[in-house]
Amino acid sequence: MKKIIFKFFIFIILINLFNLSTASSEQNKQQIMTLGEVLQRALSENPNLKTAESQEKEAFFAFKSAGAMPNLILTGNYTAGNNTIPSNNGDQPDANVNLSQSFGPLGSTALSGKAAFQSYEIARANTEETKILLIQNTKDAFYTLLSAQEQLCISNENLKLADELYELAKKKFNAGAVPEIDMVNAKIQKAASEQAVIQAKAALKQAQSALNAILAYSPENSLQVSGSLGLTELKIDSETLIKMAAEKRPAVSAAKKGVEQAQTQVKLARSQRNPAPGLFYSYDLTTTPLYLIGASLQVPVFDYGQINNQIKVQQTTVKEKENNLRGTILAVSSSVKSAYAAYEGAYKNAVTFKEEVLLPSEKLMKMALFGYTQGAVSYLQVLTAEQNLKSTRVQYITLLLSGHQAFDALEASVGKTLEGEMP
């Protein structure tokens with residue numbers, strides 16, 4: 001029996017060790033995400049967006065509360081004692097219940113509900129604006145990480161090339177075919193390439209941490225992304241995008257709703273001058289049937305400046321919101337124009353750079369390497385071609401990244417995705 005129990009415990013321990021090993025391997029496994037997966041994660045888990053959505057819900061329930069009729073008030077009272085003040089029924093003691101319903105100044109409840117609904121619409125637009133800016137930041141972080149991955153690959157390729165040149169120079173020096181300076185130069189280039197790899201790895205870690213923060217992942221999460229850094233030409237003009245921004249950008253919608261709400265608040269302030277009707281009912285519990293039914297009407301007779309000044313405050317707010325709307329439209333139009341020009345320039349630069357600089361540099365490097373191997377080209381020519389190719393590769397990736405960042409900014413300025421506007 002003891003042997004069976006002992007074997008059972010050993011079996012449980014082995015299972016736990018296997019589970020720990022599996023969990024550890026899963027944790028160390030590289031997580032590779034596409035742009036669609038990254039955006040889906042950001043929109044579902046980002047804390048800033050969740051905060052905006054909570055504020056939208058708060059505004060919704062505030063609207064439901066503001067548009068409701070004032071509560072029906074139920075009160076009860078009991079009077080007794082040896083005083084000579086008569087009660088409702090003329091006797092002592094007495095007990096009765098009362099119901100009262102106030103309706104507030106005529107029109108004020110409906111206007112309060114309308115203003116609260118406009119606050120909810122503003123909160124909803126702010127949520128959409130937060131979502132748009134989140135998408136922009138997520139895409140920027142995605143392409144930054146993607147470019148960092150590409151830069152690391154390029155750095156490794158440059159190191160491989162430097163190793164090859166160093167071994168070639170070393171071999172030719174040992175054979176007495178080239179001076180020692182060639183080998184020293186090749187060794188320096190190899191060391192510089194190794195440093196570039198170290199810097200590329202550090203940049204990759206920083207890019208991973210930035211994207212992890214947006215996606216609500218742990219900073220230690222070893223995240224990688226898959227996609228293309230290629231750029232495509234826009235087939236829509238900037239003026240069309242500016243008009244589109246005026247219709248689609250949530251920030252513009254929020255500013256418009258702000259003007260409408262301020263105008264509603266002016267009407268609400270004026271409604272405080274209106275009569276305020278009310279109803280009441282009192283039922284005596286001691287002597288029945290004894291009850292009172294009545295109506296009241298409160299009319300402001302003299303305004304000491306409170307209502308009038310409140311109206312002026314709201315009228316000033318209307319002007320403030322109108323100026324804010326104009327400023328928002330101008331800012332959005334300017335950002336669309338700027339981002340469009342930036343993307344257009346980045347796209348043209350990337351196309352020209354690839355055709356006229358990158359590809360010729362790669363061809364030159366192959367020619368120089370072959371010529372040096374055959375002894376027809378000096379090491380100085382090879383060194384020049386190598387340094388040029390290294391910087392050219394890095395510069396091309398930087399151009400592509402700046403293009404994606406400009407395109408992300410353009411989408412955010414317009415307030416919608418523009419994949420359908422690409423050829």
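Is Glu 121 buried or exposed? At 15% relative accessibility, Glu 121 counts as buried (buried is under 20% relative accessible area, exposed over 50%, partly exposed in between, with a 1.4 Å probe and protein chains only). The model is a predicted one, so local features need pLDDT of at least 70 and side-chain atom pairs pLDDT 80 or more, while totals for chains, interfaces and linings use all residues. Residues are numbered from 1 along each chain as its sequence is written, and side-chain values use heavy atoms, leaving out hydrogens and water.

Glu 121 pairs up with Lys 257 in a salt bridge at 3.4 Å, N to O (a side-chain nitrogen of Lys or Arg within 4 Å of a carboxyl oxygen of Asp or Glu). Because Glu 121 sits in helix α4 (residues 108–174) and Lys 257 in helix α7, the pair ties together parts 136 residues apart in sequence (helices are DSSP runs of H or I, at least four residues, numbered from the N terminus). Lys 257 itself is partly exposed, at 23%.

Another of the 9 salt bridges in the structure joins Lys 337 and Glu 239 at 2.9 Å, N to O. Here helix α8 supplies Lys 337 and helix α6 (residues 238–248) supplies Glu 239, 98 residues apart. Lys 337 is partly exposed at 41%, and so is Glu 239 at 43%.

As for packing, helix α7 (residues 250–271) meets helix α8 (residues 306–373) at about 170°, with axes 8 Å apart (axes are lines fitted to C-alpha atoms over the stretch in contact, and angles run from 0 to 180 degrees between N-to-C directions). The two helices are therefore roughly antiparallel, a label for angles over 145 degrees.

Conventions. Parallel < 35°, antiparallel > 145°, perpendicular 65-115°, else oblique.
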